[in-house]
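Please keep the sequence and the model in view while reading.

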Amino acid sequence: MAEKIINVERMDAVLSLFGNYDENINLIQREYNVVILGRGEDIKITGDEEAVYKASEAIKSLIALINKGEQINEQVIRYVFSLVREDKQYEIKNMSDGGICVTMSGKVVKPKTLGQKRYIDSIRKNTIVLGVGPAGTGKTYLAVAMAVKAFKAHEVEKIILTRPAVEAGEKLGFLPGDLQNKVDPYLRPLYDALFEMLGPESFARQQERGCIEVAPLAYMRGRTLDDAFIILDEAQNTTHEQMKMFLTRLGFNSKIVITGDITQIDLPDHRKSGLVQAMNILKDIDGIAINRFSEKDVVRHKLVQDIIMAYEKNNRRNGKSNG
């Protein structure tokens, strides 16, 4: 039986670590099969030697996050567990980020995983960034946050958000209403993110001025996009021709972020995804970065992560490739 004592120094950090009704510490105890007791500012861990080591590493990582002002919850704790499993807990220091922007509700938008932090750093440093990974990893949300930040800082004059209007070729005719009514359902996730960052009134005002544009990908053809932050969402459903067309819209003092999930390609007739091809074609060009997210970067409900892992396991079992 091994034992380790960690001194936390701040009683409020101890309280944050334990959580309401000790829910956080109970989660750690169950994960590592250890007993954890709080004695003032000291935390005592007992159990098997390896389990005590892992639990202490998890606790020290969580305390480091608490000291940076992070709120500890089950999602954060399980992410720390995944870092400890891979012996990457020491990278938690790289998570430090002052935040990207503040939503209308007062929430600070900032990366919650190391993968998200690398993504944000790539957007800051590069002209074109491809963010590729499963649902729930914050690809689109963080890109919109970076666009809003650049717009408010007057680094760009406009924000342009676009995506393939439908999964299989942008066939809008069967939908009722005018063009805007037809494309709105497909662009809804982009509207939602902008509403949260700017508020509906500010969004509508900037859209009327032409400073914010949300449009289907087909409407990018023939344009040169200067002084703009441009986001192409759901890019796995672009064709090779569409992706090339979009990339060549890049103008001066502009930035492009392309997001997509290559496990959810909905192109008809088994056509190759323009995103998959772009990842291969552009990988060695300076100023272009490719960021890959994994299930560990999922920041939605834990079941989303479990679902993604289950599908990946099934694909491997069936000998399928995700591209």
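Gln116 belongs to helix H5, which covers residues 114-125. The model is a predicted one. Gln116 counts as buried because its relative accessibility is 2%, and the limit for a buried residue is under 20%. A polar atom of the Gln116 side chain lies 2.7 Å from the backbone nitrogen of Lys112. When residues up to four places away in sequence are not counted, Gln116 touches Lys110, Pro111, Thr137, Gly138, Leu142, Phe293, Asp297 and Val299.

A second residue of interest is Ile77, found in helix H4, residues 74-85. Ile77 has a relative accessible area of 1% and is therefore buried. Apart from neighbours within four places in sequence, the residues in contact with Ile77 are Asn24, Leu27, Ile28, Leu62 and Ile72. From Ile77 to Ile59 the C-alpha to C-alpha distance is 9.1 Å, with the two 18 residues apart in sequence.

The two residues are set side by side below.

| Residue | Helix | Relative accessible area |
|---|---|---|
| Gln116 | H5 (residues 114-125) | 2% |
| Ile77 | H4 (residues 74-85) | 1% |

The last topic is the packing of two helices. Helix H1, residues 11-18, packs against helix H2, residues 23-32, at an angle of about 65°, and their axes are 5 Å apart. On the H1 side the contact is made by Ser16, Leu17 and Phe18, and on the H2 side by Glu23, Asn24 and Ile25. Of the residues in this contact of H1 with H2, three are nonpolar, two are polar and one is charged.

Note on methods
Residues numbered from 1 in each chain as written. Predicted model: local features only at pLDDT ≥ 70, side-chain atom pairs only at ≥ 80, totals over all residues. Heavy atoms only, no water. Axes fitted to C-alpha atoms, helices over the stretch in contact; angles between N-to-C directions. Helix = DSSP H or I, 4+ residues; strand = E, 2+ residues; numbered from the N terminus. Contact = heavy atoms within 4.5 Å. Nonpolar A, V, L, I, M, F, W, Y, C, P; charged D, E, K, R; others polar. Buried < 20%, exposed > 50% of the residue type's maximum accessible area, 1.4 Å probe, protein only. Polar contact = N/O pair within 3.5 Å; in protein donor to acceptor, adjacent residues only side chain to side chain.
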